Amino acid sequence: MIEAQGLTKHYGEVTAVDGLSFEVRPGLVTGFLGPNGSGKSTTMRMVMGLDRPSAGSVTVDGRRYGDLPWPLREVGALLEAKAIHPGRSAYNHLWCLAQTNGIPRTRVDEVLDLVGLQAVARKRVGTFSLGMGQRLGIAAALLGDPGVLLFDEPINGLDPEGIRWVRTLLRGLAAEGRTVFVSSHLMSEMALTADHLVVIGRGHLIADLSVEEFIAQSSRRFVRVRSPQAAALTSVLEQAGGAVTAEPDGALTVTGLDPAAIGEAAAASGTVLHELSPQAASLEEAFMELTHDSVEYRGDVTGGGHFAGNGPAFPGADRGPGAGPDTPATAPDQLSTTPR
Ligand SMILES: Nc1ncnc2c1ncn2[C@@H]1O[C@H](COP(=O)(O)OP(=O)(O)OP(=O)(O)O)[C@@H](O)[C@H]1O
Ligand SMILES: [Mg+2]
């Protein structure tokens, strides 16, 4: 169990985490979601005693990280910033960590097997790819066989097989009764992996609920209806209080009425239905809707000009490769073919 109470962190002028209170319970995978810079990594660092809260507290099974006698046996973490000596082998890195917490050497081999790095265990960590580094970080988190696990963006850099492996691993750890807290920006993956969600924006708690509740509370729920009598059905549904939009493919999108009300209104008016299907928002849609006002760093794909075809993004950008402001309009190779 992880418990945060009024957790707050200031970095000078910046308030990275602002009065955050939540619980992460055992036996579940809890997804930790929030836009870039919302304070997820800072929160996880405070759980692991790597940053001191400016106010409030966070505990693991009722104790602060610094008070745990064998911290790696209580809580393991894969955090974003990896502080691994590049000249050390994967095996030695894990063996050094194990010795600090009285963990036997056999466990090093076990976790190397578990993450699939046994074949490269003696290679220098500095030569590892991003995905191999992530696997080593996961091995370190699992080393002390802890009951509480934190993973900050664990699937970054993993191939599809690796992503599926992490999903299975996290679900398995939770099924064993462990507390699993994982951040990720990949919503489709979170929808498959997490049971519960803690969502933050600008350091504040926005939501703390199950994945189903999170999606259900999105206003993007609607019912898709098809009928050979679409015009008649539209007026029937509007009279019943629904809002109806005709889609290009002939379907009708209905909000404000549930499927039962739509079916009954259609039957009462003798209108034929070919489809009546409730549509839930995806986790990504629900997340975008909920965090819209909390996004600090937003890319522009609409009005910037260079994607929308409104002209060049910078002087010379429309003149082809290599055509900077100082480049002559005629390329040198063309000059050399000009007869003299
Ligand atoms: N060591 C630090 N010194 C100063 N500011 C920091 C430090 N660490 C984080 N911050 C600031 O705190 C805020 C929260 O950052 P944090 O890394 O916790 O966000 P995040 O939710 O993990 O973002 P991302 O999704 O991009 O990983 C940001 O404004 C960041 O610039
Ligand atoms: Mg982060």
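Modeller: Asp61 is found in the loop between strand 4 (55–60) and helix 2 (71–74); helices (H or I, at least four residues) and strands (E, at least two) are DSSP runs, numbered from the N terminus. The model is predicted, so local features need pLDDT of at least 70 and side-chain atom pairs count only at pLDDT 80 or more, while totals for chains, interfaces and linings use all residues. Residues are numbered from 1 along each chain as its sequence is written, and chains are lettered from A and ligands numbered from 1 in the order in which they are written.

The phi angle of Asp61 is near 50°, a positive value in a residue other than glycine. Asp61 has 15 other C-beta atoms within 10 Å and is therefore partly exposed; with C-beta atoms placed from the backbone, 20 or more others within 10 Å make a residue buried, 12 or fewer exposed, and a count in between partly exposed. Arg202 also has a phi near 50°, again positive in a residue other than glycine. Arg202 lies in the loop between strand 8 (196–201) and strand 9 (204–210), and its 19 C-beta neighbours inside 10 Å make it partly exposed.

Six strands form an open sheet with mixed pairing, in the order 5-6-7-3-8-9; two strands pair if DSSP finds at least two bridges between them. Strand 5 (75–78) and strand 9 each have a single partner strand, so these edge strands are each left with one side lacking a neighbour in the sheet. From one strand to the next, the twist averages 15°; axes are lines fitted to C-alpha atoms, for helices over the stretch in contact, and angles run from 0 to 180 degrees between N-to-C directions.

Leu78 has Phe151 of strand 6 as its bridge partner. Helix 1 packs on the sheet and touches strand 3 (29–33), strand 5, strand 6, strand 7 (179–183) and strand 8, where contact requires C-beta atoms, placed from the backbone, within 7 Å. The direction of helix 1 makes about 150° with that of strand 6. Helix 5 (residues 130–142) lies across strand 5 and strand 6, at about 170° to strand 5.

Conventions. Contact = placed C-beta atoms within 7 Å.
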